[in-house]
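Visitor: Hi! I've got a fold open in my viewer and would like to talk it through. Could you walk me around?
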Amino acid sequence: MTTSHHHHGDRSLTAAAGLTVFAAVMLLIAGFLDIFRGISAIVHDAVYVNAPEYVYKFNVAGWGWVHLFLGIAAVMVAIGLFKVSTWARILGIAIAALLLIANFLFLPYYPLWSIVVMALCAFVIWGLCVVRHQE
């Protein structure tokens, strides 16, 4: 019975580590996508759709700075997630949630890219919340 419990514990730790690495990679990708989007919005905002009647009106360069800073934060936290630290898991969930919200608000400007990044962020949140690490 003890051997079975020990074997189950090993599988749980392996799953937790695997999901954390998965979330780290997804957050890294989402972060770089947002960095690229931020830079393109700041440098050349004619790429984006003009949404003059949008409720959350912000000039596109302003959105670019938001995405750039969130993307940099996401990349930094993703690197911390590779070390499987609790602070990085908590910040990872928070940054992924902020990225998800920012991309939702950015939908009228670049809908397809926003939806892709929102999906990546949802996977990050799921991966960081579904398994508890044994400390």
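Guide: Happy to. One term before we start: helices here are DSSP runs of H or I with at least four residues, numbered from the N terminus. By that naming, Phe69 lies in helix α2. Please keep in mind that this is a predicted model.

Visitor: Is Phe69 buried or exposed?
Guide: Phe69 counts as exposed, because its relative accessibility is 53% and the cut-off for exposed is over 50%. In space, its C-alpha is 8.6 Å from that of Asp34, a residue 35 positions away in sequence.

Visitor: Let me zoom out. How many helices and strands are there in the chain?
Guide: The chain has four helices and zero strands. Read from the N terminus, the order of elements is α-α-α-α.

Visitor: And what share of the residues counts as buried?
Guide: Of the chain's 135 residues, 39% are buried. As for contacts with a separation of 6 or more, 77% of them join residues 24 or more positions apart.

Visitor: Now the helix pairs. How do α2 and α3 cross?
Guide: Helix α2 covers residues 60-81, and its axis comes within 9 Å of the α3 axis, with a crossing angle of roughly 155°. The two are therefore roughly antiparallel to each other. The crossing of α2 past α3 is left-handed.

Visitor: Which residues of α2 and α3 meet there?
Guide: On the α2 side they are Trp63, Val66, His67, Leu70, Gly71, Ala73, Ala74, Val77, Gly80 and Leu81. They meet Trp87, Ala88, Arg89, Leu91, Gly92, Ile95, Leu98, Leu99, Ala102, Asn103 and Leu105 in α3. Sorted by class, this contact has 15 nonpolar, five polar and one charged residues.

Visitor: Ala88 is on that list. Where does Ala88 lie, and what is Ala88 in contact with?
Guide: Ala88 lies in helix α3. It is buried, with a relative accessible area of 0%. Leaving out neighbours within four places in sequence, Ala88 is in contact with Val77, Gly80 and Leu81. Its C-alpha is also 9.4 Å from that of Ala24, which is 64 residues away along the chain.

Visitor: What about Ile95? What does Ile95 touch?
Guide: Ile95, also found in helix α3, touches Leu27, Leu70, Ala73, Ala74 and Val77, not counting residues up to four places away in sequence. Ile95 counts as buried because its relative accessibility is 11%, and the cut-off for buried is under 20%.

Visitor: Next pair, please. At what angle do the axes of α3 and α4 cross?
Guide: Roughly 155°, with the axes of α3 (residues 86-105) and α4 (residues 111-129) coming within 9 Å. That makes α3 roughly antiparallel to α4, since angles over 145 degrees count that way. The crossing of α3 past α4 is left-handed.

Visitor: Which residues make that contact?
Guide: From α3 there are Arg89, Gly92, Ile93, Ala96, Ala97, Leu99, Leu100, Asn103 and Phe104. From α4 come Ser114, Val117, Met118, Cys121, Ala122, Val124, Ile125, Leu128 and Cys129. By class, the contact of α3 with α4 has 14 nonpolar, three polar and one charged residues.

Visitor: Which residues of α3 and α4 are buried?
Guide: In α3, the buried residues are Ala88, Arg89, Gly92, Ile95, Ala96, Leu99, Ala102, Asn103 and Leu105. In α4, they are Ser114, Val117, Met118, Leu120, Cys121, Val124, Gly127 and Leu128.

Visitor: Last one, on geometry. How far do α3 and α4 reach from first C-alpha to last?
Guide: Helix α3, with 20 residues, reaches 29 Å, close to the 28 Å expected at 1.5 Å a residue. Helix α4 has 19 residues and reaches 27 Å, close to its expected 27 Å.

How values were computed: Residues numbered from 1 in each chain as written. Predicted model: local features only at pLDDT ≥ 70, side-chain atom pairs only at ≥ 80, totals over all residues. Heavy atoms only, no water. Axes fitted to C-alpha atoms, helices over the stretch in contact; angles between N-to-C directions. Parallel < 35°, antiparallel > 145°, perpendicular 65-115°, else oblique. Left-handed = near helix turned anticlockwise from the far one by under 90°. Contact = heavy atoms within 4.5 Å. Nonpolar A, V, L, I, M, F, W, Y, C, P; charged D, E, K, R; others polar. Expected span 1.5 Å × (residues − 1). Buried < 20%, exposed > 50% of the residue type's maximum accessible area, 1.4 Å probe, protein only.
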